[in-house]
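Try each task before reading its solution.

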Amino acid sequence: MKKEKFPINFYWGGSIAAHQCEGAWNHDGKGPGIMDFATQGSVDTPRSFTSNIDLNKVYPSHTGIDFYHRYEEDIRLFAEMGFTALRISVDWSRIYPNGDDEYPNQAGINYYQNLVDCLIKNNIEPIVTLYHFELPKALVDKYNSWTDRILIDLYLKFAETMFEALKGKVKYWVTFNEMNHIDPQTDASDIFTYMIAGLKYSDMENPKQTLAQIGYNMTLAGVKACALGRTIDQTNQIGCVFGLTPVYPINSDPQTALDALHATDRDYYQIDAMCKGEFPQYKLKEYERFGIKIEQETEDLNAFKEGTLDFIGLNYYSSSVMKPKGDDHDKTLFTGYQNPLLEKSQWGWAIDPIGLRYSVNHTYRKYNLPIMITENGLGEVDMLEEDKTVHDQYRIDYLEKHLKELKKCIIDDGIPVIGYLTWGPIDLVSATTGEMKKRYGFIYVDKNDDGSGNYKRYRKDSFYWYKDIIHTRGEEL
Ligand code: BG6
């Protein structure tokens, strides 16, 4: 029997983020961004966030993998694998170094124009994220970040600059990456609130109120950017990326099942707001119950109506479980409770390929919009052998299992999934731990957490595997 292939125009590729790969943190007029103050951590030691640069500490974003100077070589390697798409992010602090400058920094614009031109020359569709944990630090110091609505206007000015600068070259845009991690009902940790808004959870006087307002303001900025982007170019396809972690009930207790549903739902209130034309009533009711009052304006109503999404970007790594109340045993920092039926990575993330099919189905049924898998991958320790090979069969196994489930979403479930972008197709700095040791790439980068390494790139075994998958359009999966 002839095996099915992925669709012809399916986007195959990967996703990277500026602060995790570019380096050159203070070159060519770039201002300091929030992640430039995030130190290197590890699986057991959370990253810390300093108010100034402390010369005794390591800040991984300062050097990244030096993508800023080496992107041509890296893009050639992506092209060799047959990539048809690469998701990049624009660091706001390269364009407006203080966030509220009157004029943009031309050197920053030139860099992204050249990067996008290089992708196009290599037949790789650029997918551009406007906010991937990259916020000019000055906006946190001056306005207390997204708690102030002025950030919405400043973000829109930045978005407009980029929509204009890359007009005709970029069709797919992402307004925000994973703003969903700061719901007031989530047990937030400093790392998530810091990455998303440059503020530490532990410093917040009234965290529920603060997070609700930040979530609202960012969601509003997202829908406004959507409408703006389509005004500038009607052919733009504008989406938003969410990090989705399905939560399964650990037993058949109805209360636990309801709690699991609510926990899964927390990731969806912003998608509801961006797809259904209004900020969801159930969320406003929830805020009322908790005594949270958010600042809204009448004109916001129209913004939600006009700025609905064209596609949904779905980042998927793992699933989690809901336990009966009071049972806190086995709770992990980033992915909730451990599912006893699943294996986990060395960083404690449960490996659940079926969860990808679950998330894609669940999301599609709610919104009927095209879905792009904007991140998926396995962070592992890789060994560079003496002959400069890397045998990463574990990564191939992980990706293969997830792709098999994704294929079922398309072929068996009939869902319009338009692309599959792996996270970190080239090794880069881990967002949550700041390590290089947690590698995701098909391409090994010779840079280590102790500062050693010469930044040379090497093809791993998974490089050849992905190349073959793309070439055969996943026929053997
Ligand atoms: C996603 C982020 O949540 O997870 C990426 O969008 C991040 O920026 C990725 O790198 C993997 O997380 P980590 O901590 O392993 O780098």
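**Exercise 1: The ligand shell**

Find the residues around the ligand and sort them by class.

Step 1. The ligand is surrounded by 15 residues, the closest being Glu 178, Ala 431, Thr 432, Lys 438 and Tyr 440 (near means a heavy atom within 4 Å). This is a predicted model, where local features need pLDDT of at least 70, side-chain atom pairs count only at pLDDT 80 or more, and totals for chains, interfaces and linings use all residues. Residues are numbered from 1 along each chain as its sequence is written, and side-chain values use heavy atoms, leaving out hydrogens and water.

Step 2. Sorted by class, the shell holds 6 nonpolar, 6 polar and 3 charged residues (Ala, Val, Leu, Ile, Met, Phe, Trp, Tyr, Cys and Pro count as nonpolar; Asp, Glu, Lys and Arg as charged; the others, Gly among them, as polar).

**Exercise 2: Helix α11**

Step 1. In helix α11 (residues 281-289, a DSSP run of H or I with at least four residues), Lys 283, Leu 284, Glu 286 and Tyr 287 are buried (under 20% relative accessible area, 1.4 Å probe, protein chains only).

Step 2. These residues lie on the same side of α11, because they cover an arc of only 155 degrees around the axis (taken from the directions from the axis to the C-beta atoms).

Step 3. Glu 288 and Arg 289, on the other side of α11, are exposed (over 50%).

Terms used. Helix = DSSP H or I, 4+ residues; strand = E, 2+ residues; numbered from the N terminus.
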